Amino acid sequence: MKTICRRTLLATTAAGLAASIGGKAFAGASYDPGAGDTEIRIGQFGPLSGPVSSFGVLANAMDAYFRMLNDTGGINGRKIKFINYDDAYSPPKSVEAARRLVGGDEVLFIAGAMGTPGNIAVQKYMNARKVPQLFLAAAASKLSDPAANPWTMVGGSTYEIEGGVVGRYIAGSTPDAKIALLYQNDDAGKATLSGLKTGLGAKTAQIVCELNYSVGDPTIDSQIVQMKLSGADPVFLITIPKMASQALRKMAALEWRPQVFLGAGNASVRATLKPAGFETAQGILAFATRMDPGNPLWADTSDMKQYMTFLDRYVPNADRADDLYAIGYTAAATAAHVVSQFRMNLSFNIAERGEGSYRLLTILRWVMVVIFVSFGMQKFTLQSAQGIVQFISNSPFISWLSVFGLRGEAYVLGVAEFGIAVLLAAGAFSPILSAIGALMGVITFAVTWSFFFTTPGVVKWSLSTDPMAWNLAGEFLFKDIVLLCVCLVLLLASLPRSIVRSGTA
């Protein structure tokens with residue numbers, strides 16, 4: 001049975017993504033940080049302020065998705081606590097946020113963290129701490145290297161793959177093209193550029209204009225003018241949506257109509273095409289890996305309808321065409337699906353090997369072993385056999401033992417008690433035997449306690465307040481209440497923790 005541990009979380013995630021997308025929680029019988037009986041903590045960081053603060057809605061969508069899950073009981077009975085921090089798209093602040101999430105908040109893992117520079121900046125720290133970075137809203141190949149960084153996984157294709165696809169398409173469809181490209185001067189832009197050149201192969205020599213910009217630049221008009229002067233056609237815009245929209249508007253103003261390619265990061269109808277003007281966006285080719293909620297092409301699909309229902313209820317003020325909400329929704333849904341594949345811990349425990357006061361159960365275990373051995377030995381005496389016959393013959397649970405005769409029924413009970421003693425002793429080394437031995441002890445003393453009610457004359461209650469007026473022929477059975485409780489404690493301590501806690505919740 002799987003448990004929610006960080007290593008198996010990552011392994012199952014990898015396997016699940018390879019064959020239909022499929023925790024630091026349990027260590028033996030206790031939880032690691034980030035998960036518990038009632039809660040799982042998931043972290044995220046991204047730009048809630050700064051030059052790309054519009055990307056912050058991704059975190060809003062993730063938070064809303066986890067709220068939706070919590071409204072329906074969470075995942076396997078555990079509520080999700082989503083914790084996210086603003087990094088203003090600044091790698092040093094990303095590192096600060098990751099350290100706070102892992103070291104302070106002790107999240108189980110980070111999911112949907114936004115931005116390539118920030119995720120690369122925290123990658124070494126996350127892998128050193130063996131805390132997964134999953135389904136990142138970033139796609140550089142540096143973040144998709146399981147051999148070097150097994151705790152990091154992107155949420156889709158890498159920038160290199162994206163660039164390579166566009167490069168191969170251009171090389172095959174327009175072999176004599178003069179190529180111009182504009183990229184963001186950071187890890188994301190450079191990674192896509194590298195993939196493009198790989199895809200172009202020998203056609204890389206046909207790049208006649210290669211320009212870049214910084215994320216804080218207010219405009220890219222001068223770069224568009226330079227690309228037009230180069231005589232290039234086609235043009236690949238490796239930019240954020242804001243800059244892609246600017247570029248399209250400037251091209252229209254210059255009456256320049258080259259074949260334009262967009263990537264997965266800037267192909268949004270709402271964030272790029274609409275602000276640029278749909279009339280200027282005709283003929284554009286885009287690399288896409290997901291449904292764009294702003295594109296009417298997907299409006300009637302069941303998945304899109306479900307997503308829109310989610311927005312209506314949990315993010316009613318959201319721009320329904322903003323695909324950043326969809327990216328956050330997808331990251332949260334994928335993370336939740338992976339966690340849901342892990343069941344409650346169903347591993348039995350050696351009772352006294354739990355934490356804290358559980359260790360005191362060692363004394364109770366061995367006392368019960370001695371008691372059951374003593375009881376078993378007594379059953380092989382004639383006096384004991386004669387003493388218990390009335391209880392056996394009147395019990396609806398064990399009266400069938402009378403078929404063995406006076407001594408035989410006592411022998412059977414004696415052998416059973418020796419067996420329980422052996423199981424309890426072996427339970428000090430075997431979790432399952434610990435549970436079985438304790439369960440048989442509970443059954444034994446529950447049956448003997450029932451003799452108070454099934455054996456005539458064992459007890460005759462009196463309204464007198466004087467205990468001496470009570471007829472308690474079965475007075476010795478009172479000890480069995482205590483022994484029943486002892487065995488019950490051993491049993492509960494031996495059961496899987498999640499069974500015990502869900503039963504007492």
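This is a predicted model: local features need pLDDT of at least 70, side-chain atom pairs count only at pLDDT 80 or more; totals for chains, interfaces and linings use all residues.

Trainee: Is Gln-133 buried or exposed?

Mentor: Gln-133 lies in strand β6, where a strand is a DSSP run of E with at least two residues and a helix a run of H or I with at least four, both numbered from the N terminus. A residue is called buried under 20% relative accessible area, exposed over 50% and partly exposed in between, using a 1.4 Å probe and protein chains only. With a relative accessible area of 1%, Gln-133 is therefore buried.

Trainee: What phi does Phe-135 have?

Mentor: Phe-135 lies in strand β6 (residues 133-136), and its relative accessible area of 6% makes it buried. Although Phe-135 is not a glycine, its phi is positive, at about 50 degrees.

Trainee: Where does Ala-88 lie?

Mentor: Ala-88 is not a glycine, yet its phi is positive, at about 55 degrees. Its relative accessibility of 16% means that Ala-88 counts as buried. As for its place in the chain, Ala-88 is in the loop between β4 (79-86) and α3 (91-104).

Trainee: Why do the buried residues of α7 lie on the same side?

Mentor: The buried residues of helix α7 (residues 221-229) are Gln-223, Ile-224 and Met-227. They are on the same side of α7 because they cover an arc, taken from the directions from the helix axis to the C-beta atoms, of only 100 degrees. In general, an α-helix has 3.6 residues a turn, so residues three or four places apart point the same way.

Trainee: Which elements do the buried residues of α7 pack against?

Mentor: Several elements of both kinds meet these residues. The partners of the buried residues of α7 are β8 (179-184), β9 (207-213), β10 and α8 (241-253).

Trainee: Which residues are joined by a cis peptide bond?

Mentor: Just after α7, Gly-231 takes a positive phi of about 75 degrees. Pro-234 has its place in the loop between α7 and β10. The cis peptide bond, with an omega of about 20 degrees, joins Asp-233 and Pro-234.

Trainee: What distance separates the C-alpha atoms of Ala-321 and Val-269?

Mentor: Ala-321 is in the loop between α10 (302-314) and α11 (323-340), and it is partly exposed, with a relative accessible area of 22%. Not counting residues up to four places away in sequence, Ala-321 touches Ser-268, Arg-270, Asp-292, Pro-293 and Gly-294. Although Ala-321 and Val-269 are 52 residues apart along the chain, their C-alpha atoms are separated by 7.4 Å.

Trainee: What volume does the largest cavity have?

Mentor: On a 1 Å grid over the protein atoms alone, a cavity is a set of points where a 1.4 Å probe fits but cannot get out, a pocket is an open set with protein on both sides within 12 Å along at least five of seven lines, and lining residues have an atom within 4 Å of a point. The lining of the largest cavity consists of Gln-44, Gly-46, Pro-47, Leu-48, Phe-55, Gly-56, Leu-58, Ala-59 and Met-114, and β3 (39-46) and α2 (57-71) are the elements that give two or more residues to it. With grid points joined across faces, edges and corners, and volume taken as the space filled by probe spheres set on the points, the largest cavity has about 30 Å³.

Trainee: Which element gives the most to the lining of the second largest pocket?

Mentor: The second largest pocket holds about 700 Å³ of space, and among its 27 lining residues Lys-379, Leu-413, Glu-417, Thr-444 and Thr-448 lie nearest its centre. Two or more residues each come from α12 (361-378), α13 (382-394), α14 (405-426), α15 (431-454) and α16 (479-494). With seven residues, the element that gives the most is α15.

Conventions: Residues are numbered from 1 along each chain as its sequence is written. Side-chain values use heavy atoms; hydrogens and water are left out. Contact means heavy atoms within 4.5 Å.
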